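Please keep the sequence and the structure in view while reading.

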Amino acid sequence: MSIANSCALLLLFFLTLSLYITFSTAANTIGVSHTTVAVAADNVPLPKKVATFLPSDISPPTEKYWYSRLPNTPLPKALEYLLQPGHYPSITREFANENVSATVIQRIYRRVYKRGYKRGDKKSLKSALPDSTIFYQYNDLHPGKKLKILFTDSGTKVSFLPRQIAESIPFSSDKIPEILKYFTLEVNSKEAQVIREEIGGCEEPNMEGEDKYCATSLESLIDYSVERLGQNVRVLSTGAGKKQEYTVSAEVRMIGDHKAAVCHKMRYPYAVHYCHVIADTEVDEVPLVGADGTRVKAVTVCHLNTSAWSPDHMAFEVLKIKPGPAVCHFIDSDTLVWVPNKDKEMTP
């Protein structure tokens, strides 16, 4: 064999080895553990109409769309991590947590209430109530007031899917079997139950004065809020903090006017937000100081008229009141609150 042929074969060997290593690295990058599934995972039997990978003309969502619709609105921290490539997976199976977030606590209470109310199981109902402050009455917070608070999030560490992909995945109660098959979930699993509950919440009739929508992509989340409140808005969120006693350190400050859109991150295989605009809603900023010295600017929401609320709402049980008076509550750290900006120029 000539030297030229030997060199050619050697070059071909190293080229093949290089391609193998590159392919393996890429596969490991998008591959995940038993609890997490990437968009391109081969072990998820996706429908033929949905690509099993991101084609070259479909890119993950970025800040670009945010600033094209909201050029003067800073990106809130609650969304920053969702848009960092590789920070969170695109799809996860680890979303059936019963994290002690405000939203999940309320859902658990509703579930227990429906079961326990019929058989008079007051003990179960009481055990489902939070052991820290979520709800409070209007004008109840003043400098020096002490509260035990746990600032949490939904517990679902997952990013947005590209809009084209998200819109191709079924999202309705009558499509539950298809959804479970899409994500290879067992019919009787906890994850299947959570999907039923979350979609069921999206499909419940609106309360009087409420407009709600479940946004399955970053773009639809932005579009919904801009259509309701316009482009001159502030988008707020609360930082996370450990469970401890906090003291209100200054006067509560109202933000915006009596109109807001609140978007709660849902427990779901990919990023979905339950958004709603409720009439007569006030957004406040509550300055707090923890027992360990931690300072938190908490964002809270006050519903000024609860007369249309169901009497079995957890807030009424916690506050020992009936529907009608204003009810305020703290929010999870990954909840987004949109308020019209009263100033002509945006302030950070």
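## Overall organisation

Of the contacts in the protein with a separation of 6 or more, what percentage is accounted for by residues 24 or more positions apart? The share is 74%. The model discussed here is predicted.

The secondary structure comprises ten helices and 14 strands. The protein has 348 residues, of which 48% count as buried.

Strand S9 covers residues 261-265, and five of its five residues are buried. Ala-261, Cys-263 and Lys-265 lie on one side of S9, with Val-262 and His-264 on the other, and both faces are covered. Five bridges connect S9 to strand S10 (residues 273-278) in an antiparallel arrangement. Within this pairing, Ala-261 stands opposite Val-277.

S9 also pairs with strand S14 (residues 336-340), again in the antiparallel sense, over three bridges. Cys-263 has Leu-336 as its bridge partner in S14, while Val-262 is partnered by Val-337. Strand S14 is itself mostly covered, with five of its five residues buried. Leu-336, Trp-338 and Pro-340 point one way from S14, whereas Val-337 and Val-339 point the other way.

## Nonpolar cores

The largest nonpolar core contains 25 residues, and those with the most contacts inside it include Leu-336 and Trp-338. Two or more residues are given to this core by each of H3, H9, strand S6 (233-236), S9, S10 and S14. Helix H9 provides the largest share, six residues.

Leu-336 illustrates how separate parts of the chain meet. Leaving aside neighbours within four places in sequence, Leu-336 is in contact with residues including Pro-76, Leu-79, Leu-221, Val-235, Val-262 and His-273. Another core, of 24 residues, lies apart from the largest one; among its members are Phe-95, Leu-161, Leu-180 and Ile-199.

Ile-199 is also one of the buried residues of helix H8, together with Ala-192, Val-194, Ile-195, Glu-197, Glu-198, Gly-201 and Cys-202. Helix H8 (residues 190-203) has 14 residues and reaches 20 Å from its first C-alpha to its last, close to the 20 Å expected at 1.5 Å a residue.

Not counting residues up to four places away in sequence, Leu-83 touches Pro-61, Thr-62, Glu-63, Leu-75, Phe-160 and Leu-218. Leu-83 and Pro-61 are 22 residues apart in sequence, yet their C-alpha atoms are 6.7 Å apart in space.

Thr-216 occupies the loop between strand S5 (210-215) and helix H9 (218-229). Thr-216 is likewise buried, because its relative accessibility is 12%. Beyond four places in sequence, Thr-216 touches Ala-166, Phe-171, Tyr-270, Ala-271 and Val-272.

## Salt bridges

Side chains of opposite charge can pair when their charged atoms come close. The count in this model comes to ten salt bridges. One of them joins Glu-167 and Arg-163 at 3.0 Å, N to O. Both residues lie in helix H6 (residues 163-168), four residues apart, about one turn of the helix. An α-helix has 3.6 residues a turn, so residues three or four places apart point the same way. Glu-167 is exposed, with a relative accessible area of 56%, whereas Arg-163 is partly exposed at 25%.

Glu-227 forms a salt bridge with Arg-228, with the closest N and O atoms 3.0 Å apart. Glu-227 counts as exposed at 59% relative accessibility, and Arg-228 as partly exposed at 28%. In a further salt bridge, between Lys-320 and Glu-317, the closest N and O atoms are 3.2 Å apart. Lys-320 is exposed, with a relative accessible area of 63%, while Glu-317 is partly exposed at 34%. Salt bridges that share partners also join Arg-69, Arg-163, Glu-167 and Asp-223 into one network.

Notes
Residues numbered from 1 in each chain as written. Predicted model: local features only at pLDDT ≥ 70, side-chain atom pairs only at ≥ 80, totals over all residues. Heavy atoms only, no water. Buried < 20%, exposed > 50% of the residue type's maximum accessible area, 1.4 Å probe, protein only. Contact = heavy atoms within 4.5 Å. Pairing = 2+ DSSP bridges. Expected span 1.5 Å × (residues − 1). Core = buried A, V, L, I, M, F, W, Y, C linked by side-chain atoms within 4.5 Å. Salt bridge = Lys/Arg side-chain N within 4 Å of Asp/Glu carboxyl O.
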